[in-house]
Amino acid sequence: GGGGFDLIGFGRSEKPPLSYSQYLWGSYVSDFVKEYVAGPETERSCDSYLVGGNSIGGFTAMTVAADDAVSARARESGDEEKRKGG
């Protein structure tokens, strides 16, 4: 199964007065994945997932994938401080 949603500030989503950036959208998508797709509390918890999009959604998908790849390498090496940026 799959699903999709509008990024904050696009489509039918709310348009709060925020500074819209790749970091905001990347965090939004990452939080969604952690809460509804790959998180330990979900019924369908998984080890991997696919994020895609076009235009700014594609850029956001690449940002999420790059950020998650860094976390995955740090978890595999057992170096939690590296993953946390310390």
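1. Of the chain's 86 residues, 21% count as buried, where buried means under 20% relative accessible area, exposed over 50%, and partly exposed in between (1.4 Å probe, protein chains only). Keep in mind that this is a predicted model: local features need pLDDT of at least 70 and side-chain atom pairs count only at pLDDT 80 or more, while totals for chains, interfaces and linings use all residues. Residues are numbered from 1 along each chain as its sequence is written, and side-chain values use heavy atoms, with hydrogens and water left out.

2. On to the fold. You'll find three helices and zero strands, in the order α-α-α along the sequence. Helices (H or I, at least four residues) and strands (E, at least two) are DSSP runs, numbered from the N terminus.

3. Now the inside. L7, I8, W25, V29, V33 and V64 make up the largest nonpolar core, that is, a set of buried Ala, Val, Leu, Ile, Met, Phe, Trp, Tyr and Cys residues joined through side-chain atoms within 4.5 Å. Helix α1 gives the largest share of this core, three residues. In soluble globular proteins, nonpolar side chains tend to be buried together.

4. Leaving out residues up to four places away in sequence, V29 touches F5, L7, V51, T60 and V64; contact means heavy atoms within 4.5 Å.

5. Next, the rings. The whole structure holds two aromatic pairs; rings of Phe, Tyr and Trp (its six-membered ring) pair if their centres lie within 6.5 Å, and planes under 30 degrees apart count as stacked, over 60 as edge-to-face and the rest as tilted. F10 and W25 have ring centres 5.6 Å apart and planes at 55 degrees, so this pair is tilted. It links distant parts of the chain, with F10 in the segment before α1 and W25 in helix α1, 15 residues apart. Y20 and W25 form a stacked pair, 6.3 Å centre to centre with 20 degrees between the planes.

6. Which residues form one aromatic cluster? They are F10, Y20 and W25. W25 is buried at 8% relative accessibility, whereas F10 is partly exposed at 37% and Y20 is partly exposed at 33%.

7. Last, F5. This residue sits in the segment before α1 (22–37) and, at 34% relative accessibility, is partly exposed.
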